[in-house]
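Open the model in your viewer and keep the selection panel at hand. The stops below go from one selection to the next.

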Amino acid sequence: MLDIRNLSKVYPNGTHALDAFSLSVRQGEVVAVIGGSGCGKSTLLRLLSGLETPSQGEIRLDSNTLKEPDPLVNIVFQEPRLFPWLTVADNIAFGLRSLDGDQRRMRVEQVLKKIGLPGYETRWIKQLSGGQAQRVALARALVTEPSVLLLDEPFSALDAMTRADLQDHLVDLWSEAGSTMLLVTHDIEEAIIMADRVVVMRPFPGRILEEVKVDLPRKRDRTSPAFAALRKHLSELLALSLSDLKHSVTA
Ligand SMILES: Nc1ncnc2c1ncn2[C@@H]1O[C@H](COP(=O)(O)OP(=O)(O)O)[C@@H](O)[C@H]1O
Ligand SMILES: [Mg+2]
């Protein structure tokens, strides 16, 4: 269980990015977080990954309080953030330094197969397409079998075909691995395809506007009436979240 309690973040310049955010996520649950830009979505994930320290509140993973980057929590960003001077295999194996060479090679080979890039071990990063590079970033995050995977708009830089393919792939991988996922996205369909629950945020300060359960069987059918109804409901909530943003700009 990932338990986020009353989490707040005020940056040194006084920006109140997140205010009293509370959320409990079951092991193996997928929660999507949507909301206009500036709602504190990235701040939330950076706090959860230990890249920022909270001003208030607590993050608990099972019975432990998370205070610094934890190997059980991995994060994937919008851009792959790979090391260009390392091969695909060495990028992925980066988090496996404690294993011996053979074990490392085996784990890298397995995860590359799972992510749809078998045999790509010796490629250089610059030889990959954007979609392939993002697959490698996902492989690097998955190879350590984290208990929590944080995803900050992981597919938003990709074309629509690649995006849909990777969404399906990640759902498959997730159902095998049973890890908890927190997915930040501005794509309502992506949230409905992947999540058990969608948290809609609003800005100034960043906080929860509403939580919506996605009670649809997987694999989800983008063309079903239930999908369309949920998309409409979430669009309306998102419009509310965005209108907060407009008021603050015109104020
Ligand atoms: N390092 C920082 N220092 C000061 N303000 C920041 C910093 N990072 C983000 N912010 C501000 O905090 C608010 C939330 O930002 P962010 O978490 O990036 O939102 P989102 O990911 O939802 O767009 C915004 O007003 C943003 O300008
Ligand atoms: Mg962001």
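A polar contact here is a pair of N or O atoms within 3.5 Å; within protein, one of the two must be able to donate a hydrogen and the other to accept it. Keep in mind throughout that the model is predicted.

**Stop 1: S8**

Select S8, which sits in strand β1, residues 2-10. Its side chain reaches the backbone nitrogen of A20 at 2.9 Å, a distance that falls within the 3.5 Å limit for a polar contact. Now show the surroundings of S8: leaving out residues up to four places away in sequence, S8 touches L18, D19, A20, P54, S55 and Q56. Is S8 buried or exposed? With a relative accessible area of 7%, S8 is buried.

**Stop 2: ligand 1**

Select ligand 1 and display the residues around it. There are 13 of them, and G38, G40, K41, S42 and T43 come nearest. By type, the shell divides into three nonpolar, eight polar and two charged residues.

An oxygen atom of ligand 1 lies 3.1 Å from a polar backbone atom of G40. For R46, a polar side-chain atom is 3.4 Å from a nitrogen atom of the ligand. Taken alone, ligand 1 exposes 560 Å², and the protein buries 66% of that.

Which helix gives the most to this shell? Helix α1, residues 41-48, does, with four residues.

**Stop 3: helix α1**

Select residues 41-48, the span of α1. Six of the eight residues of α1 are buried, so the helix is largely enclosed by the rest of the structure. The buried ones are K41, T43, L44, L45, L47 and L48.

Within α1, pick L44. L44 counts as buried because its relative accessibility is 0%, and the cut-off is under 20%. Beyond residues up to four places away in sequence, L44 touches L7, L18, F21, V33 and L182. For a sense of scale, draw a line from L44 to Y120: the two are 76 residues apart in sequence, and their C-alpha atoms are 33 Å apart in space.

**Stop 4: G50**

Move on to G50, which follows α1 and has a positive phi, near 80°. G50 is found in the loop between α1 and β4, the latter being residues 56-61. Why does G50 count as buried? Its relative accessibility is 18%, and the cut-off is under 20%. Not counting residues up to four places away in sequence, G50 touches E68 and P69. The C-alpha atoms of G50 and P69 are separated by 4.3 Å, although the two residues are 19 apart along the chain.

**Stop 5**

In soluble globular proteins, nonpolar side chains tend to be buried together. In this model the largest nonpolar core has 54 residues, and I92 and L234 have the most contacts inside it. Helix α4, residues 130-142, supplies the largest share of this core, with seven residues.

Finish with a second, separate core of 24 residues, which includes C39, L45, L47 and V148. L45 and L47 take you back to α1, where both are among the buried residues.

How values were computed:
Residues are numbered from 1 along each chain as its sequence is written. Chains are lettered from A and ligands numbered from 1 in the order in which they are written. This is a predicted model: local features need pLDDT of at least 70, side-chain atom pairs count only at pLDDT 80 or more; totals for chains, interfaces and linings use all residues. Side-chain values use heavy atoms; hydrogens and water are left out. A residue is near a molecule or strand if one of its heavy atoms lies within 4 Å of it. Accessible areas come from the Shrake-Rupley method with a 1.4 Å probe; for residues, only the protein chains shown count as cover. Helices (H or I, at least four residues) and strands (E, at least two) are DSSP runs, numbered from the N terminus. Ala, Val, Leu, Ile, Met, Phe, Trp, Tyr, Cys and Pro count as nonpolar, Asp, Glu, Lys and Arg as charged, and the others, Gly among them, as polar. A nonpolar core is a set of buried Ala, Val, Leu, Ile, Met, Phe, Trp, Tyr and Cys residues joined through side-chain atoms within 4.5 Å. Buried means under 20% relative accessible area, exposed over 50%, partly exposed in between (1.4 Å probe, protein chains only). Contact means heavy atoms within 4.5 Å.
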